[in-house]
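User: I would like to learn how to read a helix and a sheet carefully; could you take me through one example?

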Amino acid sequence: MSKSLSAAALCATAGLALTGCVPGSQSEEGYVDQVGVQLFMYNWNSVAAECEYLGEIGVDWVLVAPPQEHIVGDNWWTIYQPVSYRLESRFGTREEFAAMVKTCGDNGVDVIADAVINHMANNNGIGYAGTEFTKYDYPGLYALEDFHQCDITFDDSIQNYADRTEVQTCELLGLPDLDQSRPNVREKILGYLNDLLSLGVKGFRFDAAKHMAASDLEAIVSELPEGTRILHEVIRGSGEDVQPEEYVASGDLWEFTYAYALKSYLEMEMVVPEGQDLRYIGHVPSESAIAFVSNHDTERNGKTINYNNIVDFELATMLMLAENYGQPMLYSSYAFAGYDDGPNQTESGVSDVKCDANKAGVVSPKSSYEPGDWICQHRFASTAAMLKFRKAVIGTSVDGIYQSDSSYGFSRDDKGLFALNASSTATQNIEFETTLPDGEYTDLISGKKFKVEGGKFSAELAAKSAVALIRG
Ligand code: AAO
């Protein structure tokens, strides 16, 4: 059954007032021509092993997990509790990390490291590399005075996300909150980031950026070498005082609203609301936005499509790559039974990733996965096809938007055309005017030929399928 949501309903889905929904603008500035991938929980040797393929299909950067020493345990989220800035973790040693950065660089893939600089571990104990610590005391790094003691909430942890002071000085999930306005804290953070840069890392995802004052992050970033990439994680929250746009001055931003909208469109088998298109769903200006289908938090909290609906995951990824909003980030991960479940690991750390690839390096999507399976979404044939499409249409605009029933399509000037049918049951006969000149075109997804005649494109689209045409 096809359903359609109004633009206002979509914005409400994303937790926003309609007035907050502004067009994203495509610009030649920034990194909009690039495509990244988050390889979640891949150990360093496994990231290195994937970089040759990533380079071949045209992925520009890979986001790797936080590399610093963390608390011990099987849960995936141990890596978000730093104990020290030693590069020794369940993903490998400092040497393995450095070798991975080099291999990826040799294949034209930049490494961006997830930097957890908002807080330290909420625990007492011995870290993965053997560092002894207690909450608020991490030997050689930070002591009690380096942390905020907010004294606003009953347990010092954030209760009210609408309150800026609480969000930025109380503890996120009870994690001891570093005070980034202190010279000692800035110096230690910069020491860590510069150490990673010295190994060839090209940039950072600032984890929990919302919980650090934008001005403190600007001060830290201004001390880093020019050209260091910064990607802020600031989840847009309705009615919250701290909004993503505050951080644009010092880096790019994940646009969560875009990912939520993709889920709505595809799962509800609907077209994009009349008069709207996906470019109007992202709020952060296109040149500063990271568009994505899913990430490691949202694939667990139900806000975005995950591998359990692999058909929609694939279609959403295709649509994102066909569009021109922001810089797309692909996502690749493992199957899990419960929220906390980490990937398979042995005493020597997270097990190597094994993608069930054919000779061409391609992995086929499966209708179901066992916990612990690596999905290897980045190796789906449709992703490689869409990266080719993206390359062929780079710099063109999205125009001639077609919306009907469950189908949605558009042209990319005189270079390409993309169309999809979101219905899970019905074949759709589509026909629309296109800016493509008359002639024969190849669908990069199926390899089939299609014609544009009399300025119109027409096709029969099977349920849950897409075409991506370029000339030839
Ligand atoms: C673990 C345990 C906890 C324990 C803690 C300390 O699970 O029970 O208290 O240890 O002992 C990860 C895991 C956590 C784990 C943590 C530390 O996710 O489970 O805690 O490691 O090991 C907020 C932050 C955002 C953060 C997110 C999880 O703003 O930065 O919470 N994400 C990053 C990482 C994440 C990591 C951390 C930070 C910590 O990506 O993996 O945690 O390093 C609203 C707010 C958001 C808020 C969310 C969730 O979002 O706006 O700011 O994110 O709620 O609380 C709509 C709404 C929007 C809402 C969103 C999501 O969009 O409009 O307002 O839905 O519901």
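Predicted model: local features only at pLDDT ≥ 70, side-chain atom pairs only at ≥ 80, totals over all residues.

User: How many residues has helix α2, and what does it reach from its first C-alpha to its last?

Analyst: Helices are DSSP runs of H or I with at least four residues, and strands are runs of E with at least two, numbered from the N terminus. The expected span is 1.5 Å times one less than the number of residues. Helix α2 (residues 44-57) has 14 residues and reaches 20 Å, close to the 20 Å expected. Just after α2, Gly58 takes a positive phi of about 95 degrees.

User: Which residues of α2 are buried?

Analyst: Buried means under 20% relative accessible area, with a 1.4 Å probe and protein chains only. Among the buried residues of α2 are Trp44, Cys51 and Ile57. The buried residues pack (contact means heavy atoms within 4.5 Å) against β1, β2, α3 and α10.

User: What is the strand order in the open sheet of 8 strands?

Analyst: Two strands pair if DSSP finds at least two bridges between them. The order is β13-β14-β15-β20-β17-β18-β19-β16, with antiparallel pairing, and the edge strands β13 and β16 each pair on one side only. Strands β15 and β20 are joined by 6 bridges, and Leu417 has Leu469 in β20 as its bridge partner.

Terms used: Residues numbered from 1 in each chain as written. Heavy atoms only, no water. Buried < 20%, exposed > 50% of the residue type's maximum accessible area, 1.4 Å probe, protein only.
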